[in-house]
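The questions below ask for a reading of the model from single residues up to whole chains. Please consult the sequence and the coordinates alongside each answer.

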Amino acid sequence: MTLIGPLVLASFLFCVGLYGVIARRNSVLVLMSVELMLNAVNINLVAFQSLLHGDDAAVTGQIFALFVIVVAAAEVGIGLAIVFNMFRNRASIDIDDADLMRW
Amino acid sequence: MEALNYAWIVVALPLLAAAVIAVFGKLMPLKGSEVGIAAITGAWVLSLVIGWQTFVNGPVDALEQVFWSSPMGGAFTIEFGQYVDGLTAMMLVLVTTVSMLVQLYSREYMHGEDRFTYFFSMLALFTFSMLVLVIAPNTLQAVVGWELVGLCSYLLIGYYWQDKPNADAANKAFLTTKFADIGLIVGVVVLSAGVAQHSNNVFSIPETIDLAMGGQLSELTVVLGTLMIFLGAMGKSGQMPLHVWLPDAMAGPTPVSALIHAATMVTAGVFFVARLYPVFIQYATVMNVIAVVGVITLFFAGFLALVQDDVKKVLAYSTVSQLGYMMAALGVGGYTAGIFHLFTHGFFKALLFLGSGSLIHAVHSNNMSDMGGMRKYMPVTFVTFVIGSLALAGFPLTAGFFSKDEILVSAQLWGDAGMATGPLVYWLGLAGAMVTTFYMGRTVFLIFFGEHRGAHGAAHDVETVEDVHAEAEAGVLDAEAEAEDAAQAAHDVQGGHHDPHESGWQILTALVALAVFSFPVGMAGGFLWDEVGGSTEQNFETWTATHAIEEAQYPFLPGYHAPGGEEHGEEGASEGEGGEAEDPEAAGSGSIVLASGEDLSGPLAAESGDEEGFSNHVLHGAPEFHLDVFLLALAGFLIAVGGAWAIYGRGRPERDPTLHMGGFTTALVNKYWLDDLGYRFVVVPIRDRLAPAVSWSSNVLIDGVVKSIGGGVKRLANVTYFTVDQKIIDGGVNGAALSAAWWSSKLKRLQSGDVQRYAGAMMAGVIVLVIAFAAAR
């Protein structure tokens, strides 16, 4: 099996995620797009570990991916809390409305 | 010699008096005159003590003390102090004596005048100024005194400034002497520049003398310096042609004239030349100039007195003439003779002026044509005036006789030494003495003999009455005389005549004192001094001789020995003629000239006058009786006085011969046209050309430059303010601020708060970086 399949998949996922982060208005969808990008990275990590260093007992890539999943879960928790609070304050989760940090 | 240490008190007292009178004078019972007289009397007593101490001790070492000095830059200093030797002491005695008597006299003469107090203050200041000059240890202090003297004379000559001619006379005196003072200043500076190469005390008189005698000053320095100083002395001492101010100075009150002519002003020039005498004698040129100027003055000024009607002008021209004698004496090596004449002349000329003042006081006119027969009315004035006239004319045994003889003897010795100016001074001096005798005879006869010619016109009488009333209002001291005056005034009103009367005791005291002084002051320097109890160790010569004078020799005359003992090159061949006629030791002078001709006394001796044995010394030793001089002088006196008696003895002739000498009288009446020449070639060009030119250069040129500089600066300042400051600097600052604001208003849009846009920008940046790195590989 070659690396090309997983890498294409990961690139696709990353681009979709990037597009979602830049283009979507809905905060929740932006968060989800971030998750997509993280998962694209995870795919890369696992793919490189198993395909290039398959006989390595330490399985560093997989373990690293696990860490990323944990951190992503925590991040989603915080992100949703922010979205939740934003909705409570503004009755909207449109990310274009969250522009207080401007000139 | 302890009294010499206090010579400065003599100077300080008149200054103190002047200040006290000026401030408190009007509050005092005698209007300040008592302060002046007390101060000058104190100064006089101290002067006499100093004079006595220097006299009995023979030639004394000069006492030099510096009281105040100020650094002048570099190592040079300006010093003020005192320099007391016999010459100084002699001048102190002369100045204080005359000043004291003049002040006493002025108490009566100036009585009731406006500004009486001011007058006394000025008299004291005048005396002080002269004393500052007399006591000066350096030329700078001398110049200070000199200029103060000029200032005081200006103020006092112009005392009656209400009348324009008097103010003009004061201006004339001031400007004429000031012109000469330019010479003085230049001379002092030249000499000090020469001294500066050897000493730091550049103005010091003793240093200057030492260097000049040692031959360490260059010829140019000495000749130029002394001639320039002599120019100053010419102005101050009324030498022709700068004498023109002196007769006009008669516009001042008579006591002032006496002071100016006897003690405090015209003697300054002669004194200063005498003070620097060892410098003046270094070059024959300088001596000849002095002698010629002196002889011209003595000869021609005497004639001017012949045609004057104003008694004070007669005396003024006689002063000019006598000053000529002094200068001529100095010019022919007669140091002692010159200052001796200065000394004696001071007394009898003061006497004559005060006597004429007494007359003027009595007849209210300066003119001899208004006098006549005065000996009946004013016997004391008559006797004293005659004594003064005899002294001036050189009648035997009077002061003027001895001093004038000394001058003629000096001229003779000078001629024997081969100097052409000697005979010139000798013969013209004799002729001048005759002229002097004649005009003094004319004056005395016109004033005191014949009938009183007081004006009888009604206008004059009215004036006289007014005068008397004015005196009465002012409260004349002498009550009896006042009553007499009033009676006469009443008499005058009825058409009677106002007879003159003798002056009061203050005037007479001054007159008698000066008349008495006119004899002994001449004795001390005359050849009879031995006979009347004096000694050759202590006479006028040893009194006024300083050690510098004793050692001074004429480098241009035979017999000169350079100070180092070497013979002077140019004259060395004929050295060794010194000291035969008179023994220098007997004269109390430590001679360094060898006593006899050593080896070259043969043919060369003749040209240096071996018979008389000319001493190459400034001092001639004790005066001796010279029969030829005596007889010639006496014959001249008798002829002149006989001539005067023949013409004027019986009163004023209808046809005064002095006024009918054709062109000569015209020349005299017009004062040799010197005043006209001065007016035309000095005053007019200065007034019409130089003054406007200077004024133009000041008002137009200099002011224009200043103004344009000012305008330029102002314009520059405007440009700086409006362009540089307002536009460039402020514009820069404001522009920086504005551009920052403008840019910030544009750039702040970047911070939109839109996170997605940030993310997009970041993405774009990453893409750019990736492409850049990829391209760089």
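## Residues, helices and chains

Q: Where does A:Ala91 lie in chain A?
A: This is a predicted model, in which local features need pLDDT of at least 70 and side-chain atom pairs count only at pLDDT 80 or more, while totals for chains, interfaces and linings use all residues. Residues are numbered from 1 along each chain as its sequence is written, and chains are lettered from A and ligands numbered from 1 in the order in which they are written. Helices are DSSP runs (H or I, at least four residues), as are strands (E, at least two), numbered from the N terminus. A:Ala91 is found in the segment after α3 of chain A.

Q: Is A:Ala91 buried or exposed?
A: A residue is buried if 20 or more other C-beta atoms, placed from the backbone, lie within 10 Å of its own, exposed if 12 or fewer, and partly exposed in between. A:Ala91 has 8 C-beta neighbours inside 10 Å and is therefore exposed.

Q: Which loop holds A:Val59?
A: A:Val59 is not a glycine, but has a positive phi of about 40°. Because 15 C-beta neighbours lie inside 10 Å, A:Val59 counts as partly exposed. Its place is the loop between α2 (27–52) and α3 (60–90) of chain A.

Q: How many helices does chain A have?
A: Buried residues make up 17% of the 103 residues in chain A. The elements run α-α-α from the N terminus on. Chain A has zero strands, and its helices number three.

Q: How many residues of chain B are in contact with chain A?
A: Two residues are in contact if their C-beta atoms, placed from the backbone, lie within 7 Å. Ten residues of chain A meet this criterion with chain B, and the number on the side of chain B is ten.

Q: How many charged residues are on the side of chain A that touches chain B?
A: Ala, Val, Leu, Ile, Met, Phe, Trp, Tyr, Cys and Pro count as nonpolar, Asp, Glu, Lys and Arg as charged, and the others, Gly among them, as polar. On this side of chain A, seven residues are nonpolar and none is polar, and the charged residues number three.

Q: What is the relative orientation of α5(B) and α6(B)?
A: Axes are lines fitted to C-alpha atoms, for helices over the stretch in contact, and angles run from 0 to 180 degrees between N-to-C directions. Helix α5 (residues 139–157) and helix α6 (residues 164–195) of chain B pack at about 175°, with axes 9 Å apart. Angles under 35 degrees count as roughly parallel, over 145 as roughly antiparallel, 65 to 115 as roughly perpendicular and the rest as oblique. The two helices, α5(B) and α6(B), are therefore roughly antiparallel.

Q: Is B:Cys152 buried or exposed?
A: B:Cys152 lies in helix α5 of chain B. Beyond four places in sequence, B:Cys152 touches B:Met122, B:Leu125, B:Phe126 and B:Ser129. Because 25 other C-beta atoms lie within 10 Å, B:Cys152 is buried.

Q: How many residues of α13(B) are buried?
A: Helix α13 (residues 284–304) of chain B should span 30 Å, and its end C-alpha atoms are 30 Å apart, which agrees. The helix is mostly covered, and of its 21 residues the number buried is 16.

Q: In which helix of chain B is confidence highest?
A: The confidence of the predictor in each residue is its pLDDT, from 0 to 100. Chain B averages 76, and 81% of the residues score at least 70. The value stays under 50 over residues 456–497 of chain B. The lowest helix mean is 36, in α26 (residues 603–607), and the highest is 92, in α30 (residues 755–776) of chain B.

How values were computed
Expected span 1.5 Å × (residues − 1).
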